[in-house]
Amino acid sequence: MIARLTWIAMAIGVAMAVSTASTAGTDAKYVGADKCKTCHKKELIGDQYSAWQKSAHAKAFDRLKGDEAKKVAAAKGIAGAPHEAKECLECHATAAAVDASRMAEKPLDVKDGVQCESCHGPGSEYRKKKTMSDHAAAVAAGMWEPGKKAAICTACHNEKSPTWDPAKGFDFEARKKAIAHPIPANVKGRYDAAAKEAKGK
Ligand code: HEC
Ligand code: HEC
Ligand code: HEC
Ligand code: HEC
């Protein structure tokens, strides 16, 4: 009986955690990778911006212009160009996946492919440095935790993708490693102090 009650309590706890996660930062808007670039192109912090720019995600829109994409689209019976087709863009570009009403002043561009916020959440409320430096505050302001939630990835990496390979599936841990762009260990959690040290040198 006690064990059963514990399970029920845990189930309620999980349900609450899930609903908080999905409603947190609902007013937050998508700002685009350019806005993250200001701080995250710095070498000291780990230059996540350049790592992303070189990644398949940043190039996911360009991919839709290639010959393979044309074949894939034709096989799906899509008449127009794949890089103009909603059916392809919804996973290959953040700008197409997000409703226009969720975007900040400057709308995102499909050309930028899968951007930071498709994995980290809409950034208008958490991108201030003070908020960014406090993990709990950033999460409360709408920052997602893609390291802990495979569902963020499998929103796109799933069997609805025309090139999905069911034999390969989606190995969350391995795929995370493949896109790793960490903050260096000696900077993580103490950016301001590290920046001061770097200046002193
Ligand atoms: C449900 C999300 C989703 C949709 C819809 C989607 N894609 Fe993709 N696409 C992906 C993912 C995820 C990958 C990366 C595959 C991987 O994990 O290697 C991908 C990869 C590709 C590739 C590269 C394949 C390779 O072998 O590396 C091409 C080409 C492509 N997609 C074309 C298209 C076209 C054309 C459409 C529209 C008809 C489309 N995709 C629709 C998610 C999607
Ligand atoms: C395809 C998804 C994806 C995209 C796109 C992406 N990230 Fe990440 N990012 C992750 C994941 C997953 C992690 C690892 C999180 C963890 O281990 O907790 C991460 C980690 C980070 C970290 C390091 C956190 C730490 O604790 O070391 C920073 C900073 C970051 N991302 C910023 C960015 C920025 C800025 C962009 C765009 C220029 C971007 N990311 C694009 C998924 C993504
Ligand atoms: C908005 C949709 C979307 C989300 C969310 C997303 N991806 Fe992707 N991902 C793609 C697309 C599309 C491609 C293929 C890009 C291409 O090759 O043109 C891709 C490619 C990749 C690749 C490169 C595959 C290769 O063979 O080079 C890895 C690794 C990857 N994703 C990991 C992740 C991880 C880990 C997450 C979650 C933290 C994630 N992705 C979230 C759409 C997404
Ligand atoms: C004004 C500067 C600034 C901007 C703009 C900014 N960040 Fe950050 N971000 C930081 C700093 C500084 C840290 C590191 C804090 C530390 O570890 O001391 C950080 C940390 C992070 C982390 C790790 C947070 C954690 O607690 O795990 C992620 C993820 C991240 N940023 C993503 C983004 C994304 C995505 C954007 C754009 C929407 C963005 N940041 C915009 C300064 C910024």
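**Ligand shells, worked**

Helices α2 (33-40), α3 (48-54) and α8 (116-120) each contribute at least two residues to the shell around ligand 2. Helices are DSSP runs of H or I with at least four residues, numbered from the N terminus. The model is predicted: local features need pLDDT of at least 70, side-chain atom pairs count only at pLDDT 80 or more, and totals for chains, interfaces and linings use all residues. Residues are numbered from 1 along each chain as its sequence is written, while chains are lettered from A and ligands numbered from 1 in the order in which they are written.

**Exercise 1.** Characterise the shell around ligand 2.

*Solution.*
1. Ligand 2 is surrounded by 20 residues (C-beta, placed from the backbone, within 6 Å).
2. The closest are Trp 52, Cys 116, Cys 119, Gly 147 and Ile 183.
3. Helix α8 provides the largest share, four residues.
4. By class, 11 are nonpolar, seven polar and two charged (nonpolar: Ala, Val, Leu, Ile, Met, Phe, Trp, Tyr, Cys, Pro; charged: Asp, Glu, Lys, Arg; polar: the others, Gly among them).

**Exercise 2.** Determine which helix gives the most to the shell around ligand 1.

*Solution.*
1. The shell has 22 residues, with Pro 82, Cys 88, Cys 91, Lys 160 and Ser 161 nearest to ligand 1.
2. At least two residues come from each of α5 (67-75) and α6 (86-92).
3. Helix α6 gives the most, five residues.
4. The shell comprises 11 nonpolar, five polar and six charged residues.

**Exercise 3.** Describe the surroundings of ligand 4.

*Solution.*
1. Among 21 surrounding residues, Cys 36, Cys 39, Gly 123, His 135 and Tyr 191 are closest.
2. Two or more residues come from each of α2, α8, α9 (129-132) and α10 (135-140).
3. Helix α2 has the largest share, five residues.
4. Eight residues of this shell are nonpolar, seven polar and six charged.
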